[in-house]
Amino acid sequence: MRILVTGGAGFIGSNFVHLIMATNPGVEVTVLDAFTYAGERASLAGLQSSVHIVDGDVTDPATVDRLVGRSDAVVHFAAESHNDNSLAEPWPFVHTNLVGTFTLLEAVRRHDVRYHHVSTDEVYGDLALDDPARFSETTPYNPSSPYSSTKAGSDLLVRAWVRSFGVRATISNCSNNYGPRQHVEKFIPRQITNIIDGVRPKLYGDGLNVRDWIHVDDHNRAVWSILEHGRIGETYLIGADGERNNKDVVERILVAMGKDAADYDHVTDRAGHDRRYAIDSAKLRHELGWRPWFGDFDKGLMDTIDWYRANESWWRPQKAAAEQRYKHQDVVVGDF
């Protein structure tokens with residue numbers, strides 16, 4: 001199988017490429033990445049000789065058509081995904097998430113190539129803290145930021161191309177990922193790297209906002225399972241029953257790194273901050289037999305902390321650039 005992975009130098013995409021190359025040696029992988037601040041060539045270290053890496057944009061029809069035309073399947077990870085950035089400057093999210101998805105859909109339509117679309121649970125909006133419900137494949141969309149709105153729009157484009165043009169596509173909506181190679185703009189790695197640097201973590205508001213955490217390897221094993229065995233036209237939600245509030249996560253990180261659990265500060269909440277996400281992944285588990293390997297959040301968190309401690313050369317350059325950018329955008333916590 002020849003697979004085109006868009007955004008394959010980003011956090012989830014690069015871990016997907018590492019996983020596939022380790023477990024499916026017969027697969028030929030091409031990575032298409034624009035190498036913006038969130039795409040790191042270093043994330044593909046050790047794979048350059050076996051993976052074809054293309055520096056290009058998913059909104060470029062000529063590049064996309066050429067690469068799709070010589071692929072058997074496309075896995076679309078590429079996206080603008082930072083909520084705070086989307087509030088400061090929405091246009092890149094419209095361009096990449098909507099125009100990029102449209103460009104890919106037209107290419108896979110022309111070449112009749114299998115397509116899997118990677119999306120987020122944020123398209124569903126949020127849940128009340130005391131609501132026993134969880135998101136499912138039938139939950140109505142209710143996005144609350146330019147980021148989640150453009151991801152919702154991209155999902156709807158995929159559904160329309162399946163129904164109108166017979167594109168062979170599936171969609172997955174996943175909960176919050178954590179693990180190696182995640183950009184320091186994100187919540188968990190920003191707290192880890194701040195603590196390494198002797199900086200006290202910060203929490204938006206009361207810190208009781210809940211996210212449903214999943215290790216990136218578990219997410220990617222689910223994506224591969226859907227690509228191989230998922231029913232065309234179907235949506236699958238990916239979650240590992242990992243609901244934790246942000247206060248609990250920060251305190252667990254502090255304790256795991258030898259600090260006092262109370263060694264953090266509260267700051268003013270950000271605009272439109274969703275209260276709770278929670279995924280019901282029953283369909284994925286029942287239909288495809290997927291189960292998470294990292295059922296123990298503390299173990300996955302410790303593995304992640306160990307990776308950042310051992311790979312300062314990977315995150316140190318982006319840390320300096322991110323912190324400088326945040327000063328101009330008044331971002332103090334990190335994206336979720």
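Predicted model: local features only at pLDDT ≥ 70, side-chain atom pairs only at ≥ 80, totals over all residues.
Residues are numbered from 1 along each chain as its sequence is written, and side-chain values use heavy atoms, without hydrogens or water. Local features need pLDDT of at least 70 and side-chain atom pairs count only at pLDDT 80 or more, while totals for chains, interfaces and linings use all residues.

**Stop 1: the largest core.** Select Ile3, Phe16, Val17, Val29, Val75, Ile238 and Leu284. These have the most contacts inside the largest nonpolar core, which has 31 residues. Such a core joins buried Ala, Val, Leu, Ile, Met, Phe, Trp, Tyr and Cys residues through side-chain atoms within 4.5 Å. Buried means under 20% relative accessible area (1.4 Å probe, protein chains only).

Next, colour the elements that give two or more residues, including strand E1 (2–6), helix H1 (11–23) and helix H7 (216–229). Helices (H or I, at least four residues) and strands (E, at least two) are DSSP runs, numbered from the N terminus. H7 gives the most, with five residues.

**Stop 2: Ile3.** Ignore residues up to four places away in sequence. Ile3 then touches (heavy atoms within 4.5 Å) Val27, Glu28, Val29, Thr30, Ala73, Val75, Trp224 and Leu227.

**Stop 3: another core.** Select Tyr178, Trp213, Val250 and Tyr264. They are among the 23 residues of a core apart from the other one.

**Stop 4: the sheet.** Show E7-E9-E11, an open sheet of three strands with mixed pairing. Strands pair if DSSP finds at least two bridges between them. E7 (176–178) and E11 (243–245) stand at the edges with a single partner strand each, so one side of each lacks a neighbour in the sheet. Three bridges join E7 to E9 (residues 210–215), and the two run parallel. Zoom in on Asn176: its bridge partner in E9 is Trp213.

Technical notes
Buried < 20%, exposed > 50% of the residue type's maximum accessible area, 1.4 Å probe, protein only.
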